[in-house]
Amino acid sequence: MGCDKGFSSSYMLLKPEEVKFFDLIRILFSSNVEKRKFVEFCPADGAAAAAAEEVNFRRRWMILVSILAQKFLLFTSRLLVWLGSGFEMWLNLVSLNQNVARLILNFFQGKVVKPDKTSEMFVSFIGNLDKRMDLDTNIKFGDPRYYGSLSMMASKASYENTAYIQNIVNHHWKMECLGTYDFWNEYLEKPSTQAFLLRDKGNDHETIVVAFRGTEPFDAEDWCSDFDISWYELSKVGKIHGGFMKALGLQKNLGWPKDIQAQNDTDLDREQQNRPATAYYAIRDKLRELLSKNDKANFILTGHSLGGALAILFPTVLVLHEDDFLLERLEGVYTFGQPRVGDGQFGEFMTKKLREHKIKYFRFVYGNDMVPRLPYDDKDLLFKHFGTCFYFNRHYHGKIVEEEPNKNYFSPLGAVPMMMNAFCELVRSFTIPRKKGKEYKEGNFLRLFRIIGLVMPGIPAHSPQDYVNATRLGSSNIFQQHPPHHPPSPEIV
């Protein structure tokens, strides 16, 4: 079993690799999910019968959809990798040769510039949506927008290769890249979690930024983590999304022990090792080492999409381990387009702990981005957001809200207004350079991507471009407002 009740009081784990066709049919007609091999369900002690009874048709339907999505992604994983690799190579081939016409000319002249995936010039699919590399020089340390703007640019950079990250951090941002890392996932048995660390040091401050990479567009396992509605319940903490905890470094059969014995050693900087470290433990040890050298240094956590979920789960584990040294040095958590990570009890627990340690948690949501609206917050799943939500509309006007509008995204009544908004965003892509400056010019690739929004508005709204714009064009006043307290509802069922 992948769960030990010593760390989890109850859990529901979906195992799509074990599902058979007739299992999918049966789950729609049987409320007792405990009898299904592909659902490892352990309700709280004494509640087995009641829990089985509670698994109504709609919940079973959601389990079915989650498993079907994961099965499809796993089945097409190699195709997705192939398509993604080829598409990225094509985008970089065109970019390095200036345009398609010049590429054809270079081909006949034998002067084609070929992309190198390890080069600082190679840009990911995400990076091609927004090629800006420099920080906004108008936002300096001390500006209320500073950490948010730096965090979003770091989150965007986290999708890139090591050479690219080192180049922009060291040479464009004039900061220090402390390392880029691939971390081990115990459950996938491969390094599937990426992050990098940088040091922002001035005369009056030293801040370590930890940026977790988000969901790769063509990585099936990343998407499986997003679609997986498995959860673990931690005593007195609440229920937490299983896929996100596994990505952060959940240990099989152990959960979150304070210390683990790695295969060789626990040094984050070890090289040429068959099995890399897991994210939480390696980053924690690195932060302890870095922060112990300067009593005034602090750190922030950030990430876009899946990376945002990992960023807020990191302090959760610090709280579980009562790591006051790092909690006292944590300046804030800044997430962008982050999915929900736990139930209402978890949200209340973390709200209290973050307040006790005076840790800021800012959750940025742009427009109709669908990812912050998943997994569902309804009577059947009850995943809940918490923290201070900065919501920005298509004009990049921001405000603090208790919950982003249309909180579950899929709404028949909201479909037409969302599509109209997507059309306005497409029009804006042509007008924004004239209104805001040439640094806000959008490329043809992003404009093509925005056309998708005419059918699925929540997809292009998740791209980094709009989040970068929001941190730069949004008013600094919202960062100075007192955030409302929004106690979440109690649980995931």
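Student: In which helix is the place of serine 155?

Tutor: This is a predicted model, in which local features need pLDDT of at least 70, side-chain atom pairs count only at pLDDT 80 or more, and totals for chains, interfaces and linings use all residues. Residues are numbered from 1 along each chain as its sequence is written, and side-chain values use heavy atoms, with hydrogens and water left out. Helices (DSSP runs of H or I, at least four residues) and strands (runs of E, at least two) are numbered from the N terminus. Serine 155 lies within residues 146–157, which form helix α7.

Student: Does serine 155 count as buried or exposed?

Tutor: Buried means under 20% relative accessible area, exposed over 50%, and partly exposed in between, with a 1.4 Å probe and protein chains only. The relative accessibility of serine 155 is 0%, and therefore the residue counts as buried.

Student: Which residue's side chain is joined to that of serine 155 by a polar contact?

Tutor: Contact means heavy atoms within 4.5 Å, and serine 155 touches Ala211, Thr302, Gly303, His304 and Phe336, not counting residues up to four places away in sequence. A polar contact is a pair of N or O atoms within 3.5 Å; within protein, one must be able to donate a hydrogen and the other to accept it, and residues adjacent in sequence count only if both atoms are side-chain atoms. The polar contact of serine 155 spans 3.0 Å, and its partner is threonine 302.

Student: How many bridges join strand β3 to strand β4?

Tutor: Two strands pair if DSSP finds at least two bridges between them. Tyrosine 181 stands opposite alanine 195 in β4. Strand β3 (residues 176–185) and strand β4 (residues 190–202) run antiparallel, and the number of bridges is nine.

Student: In the hairpin of β3 and β4, which residue takes a positive phi?

Tutor: This hairpin has four residues between the strands. The positive phi is near 55 degrees, and the residue that takes it is glutamate 189.

Student: Which residue in β5 does glycine 202 stand opposite?

Tutor: Strand β5 (residues 205–212) runs antiparallel to β4, with eight bridges between them. The hairpin that β4 and β5 form has two residues between the strands. Opposite glycine 202 stands histidine 205.

Student: Which strands stand at the edges of the open sheet?

Tutor: Four strands form this sheet, with antiparallel pairing, in the order β2-β1-β6-β7. Each edge strand has a single partner strand, so one side of each is left without a neighbour in the sheet; the edges are β2 (39–42) and β7 (238–241).

Student: In β7, what is the bridge partner of tyrosine 232?

Tutor: Strand β6 (residues 231–234) and β7 run antiparallel, joined by four bridges. The partner of tyrosine 232 is isoleucine 240.

Student: Is α3 roughly parallel or roughly antiparallel to α9?

Tutor: Axes are lines fitted to C-alpha atoms, for helices over the stretch in contact, and angles run from 0 to 180 degrees between N-to-C directions. Under 35 degrees counts as roughly parallel, over 145 as roughly antiparallel, 65 to 115 as roughly perpendicular, and the rest as oblique. Helix α9 (residues 220–227) packs with α3 at about 175 degrees, their axes 9 Å apart. This angle makes the pair roughly antiparallel.

Student: At what angle do helices α11 and α12 pack?

Tutor: Tyr280, Ile283, Arg284 and Leu287 in α11 meet Phe314, Val317 and Leu318 in α12. The axes of α11 (residues 279–291) and α12 (residues 306–320) are 11 Å apart, and the angle is about 75 degrees.
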